[in-house]
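Please keep the sequence and the model in view while reading.

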Amino acid sequence: MQGREPQEAAMRRIFVIGIGAGNPDYITVQAINALNQVDVFFVMDKGEEKDDLVRLRKDICERYIKDRSYRFVETADPPRDRTPSSYEPAVRAWHEQRADIYERLIESLGDGECGGFLVWGDPSLYDSTLRIIDQIVARGRVTFAYEVIPGISAIQALAARHRIALNRIGGSVHITTGRKIAGGLPKDVDDAVVMLDGDCAFKTIDDPEIDIYWGAYLGTKDEILASGPLGEQANEIERVRAEAKKRNGWIMDTYLLRRRKD
Ligand SMILES: C[S@@+](CC[C@H](N)C(=O)[O-])C[C@H]1O[C@@H](n2cnc3c(N)ncnc32)[C@H](O)[C@@H]1O
């Protein structure tokens, strides 16, 4: 395990476990082995989707943890300013508050106990857990060792469900957010995966040479897929997305925008 050097045998341990982006079958053997060492799972309630996502985490534990007792500690996510005058400082302030909470959770572990953060998809992608843990390590107030277990991200799920490779031969893939592609793909980008797009930014792109491969609730029973020329699909995806969001109370969707080449 990486982190601070163990100073005593009974050091607290933390696993940051990627649980895959929706289907309990996405979990890896390495994740199952880690789950089976955790005494306390820390769950941060957040967003409209929280009930479904907390439920999925508990289902994963019930299904994969054998003959061992564990407990869940649920805490409320600190409120976040969604309309800040400056985006990055607002996010940093929010991460500080979350670091305080995570630090207390880690501190609450008994000597030698193991804590687990169950991260949706993969911890390396649009998730703040690792940045927050770095902050806690830098503060140095609580000593622990930690390990990161990769998971199947929404991006891999999207590619698999559409049966496509993300890159063209020798090409690059750009991973970004809806906010960043509003108005058009950067000139040197031919393949872009877009996440965290609550506003259907694809609608703002008027380019007959672009195809979209879209997926919502990937890996779950509610999964919806659509693909084709962006100009033909955009309105229909927006309509289907709005309907599904109304029906389920929340939505998570990801898409690839691909510039057609001869
Ligand atoms: C906070 S990010 C977390 C990403 C996650 N760490 C991963 O590896 O997929 C949330 C975004 O991931 C995407 N996402 C996560 N799960 C998804 C799913 N099952 N179907 C479609 N998109 C999903 C959406 O773009 C959503 O806005």
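A salt bridge is taken here as a side-chain nitrogen of Lys or Arg within 4 Å of a carboxyl oxygen of Asp or Glu. The model is predicted, so local features need a pLDDT of at least 70 and side-chain atom pairs count only at pLDDT 80 or more, while totals for chains, interfaces and linings use all residues. Residues are numbered from 1 along each chain as its sequence is written, and side-chain values use heavy atoms, with hydrogens and water left out.

**Salt bridges**

Side chains of opposite charge can pair when their charged atoms come close.

| Pair | Closest N to O distance |
|---|---|
| D191 and R168 | 3.1 Å |
| E236 and R239 | 2.7 Å |

Helices (H or I, at least four residues) and strands (E, at least two) are DSSP runs, numbered from the N terminus. For accessibility, buried means under 20% relative accessible area, exposed over 50%, and partly exposed in between (1.4 Å probe, protein chains only). On this scale R68 is partly exposed at 31%, whereas D39 is buried at 18%.

D191 forms a salt bridge with R168. With D191 in strand β8 and R168 in the loop between α5 (154-162) and β7 (174-177), the pair ties together parts that are 23 residues apart in sequence. D191 is buried, with a relative accessibility of 3%, and R168 is partly exposed at 21%.

E236 and R239, by contrast, both lie in helix α7 (residues 230-248), 3 residues apart, which is about one turn of the helix. E236 is partly exposed at 38%, and R239 is partly exposed at 41%. Elsewhere, E96, D100, E103, R139 and R141 are linked in a network of salt bridges.

**Ligand surroundings**

Polar contacts are pairs of N or O atoms within 3.5 Å. A polar side-chain atom of W120 lies 2.7 Å from a nitrogen atom of the ligand, a backbone N or O atom of L125 lies 2.8 Å from a ligand nitrogen atom, and a polar backbone atom of A154 is 2.8 Å from a ligand oxygen atom. Taken alone, the ligand exposes 570 Å², and the protein buries 90% of that.

**Surface patch and positive phi values**

Y126, V173, I175 and L196 make a nonpolar surface patch of about 360 Å²; such patches are made of residues with over 30% relative accessible area and no salt bridge, nonpolar side chains (Val, Leu, Ile, Met, Phe, Trp, Tyr) being joined within 5 Å and like charges within 9 Å. Y126 is placed in the loop between β5 (114-119) and α4 (129-139) and is partly exposed at 42%, with a positive phi near 45° in a residue other than glycine. L196, in the loop between β8 (191-195) and β9 (210-216), is exposed at 60%, and its phi is near 50°, again a positive value in a residue other than glycine.

Terms used. Areas by Shrake-Rupley, 256 points an atom, 1.4 Å probe, with all protein chains shown as cover. Polar contact = N/O pair within 3.5 Å; in protein donor to acceptor, adjacent residues only side chain to side chain.
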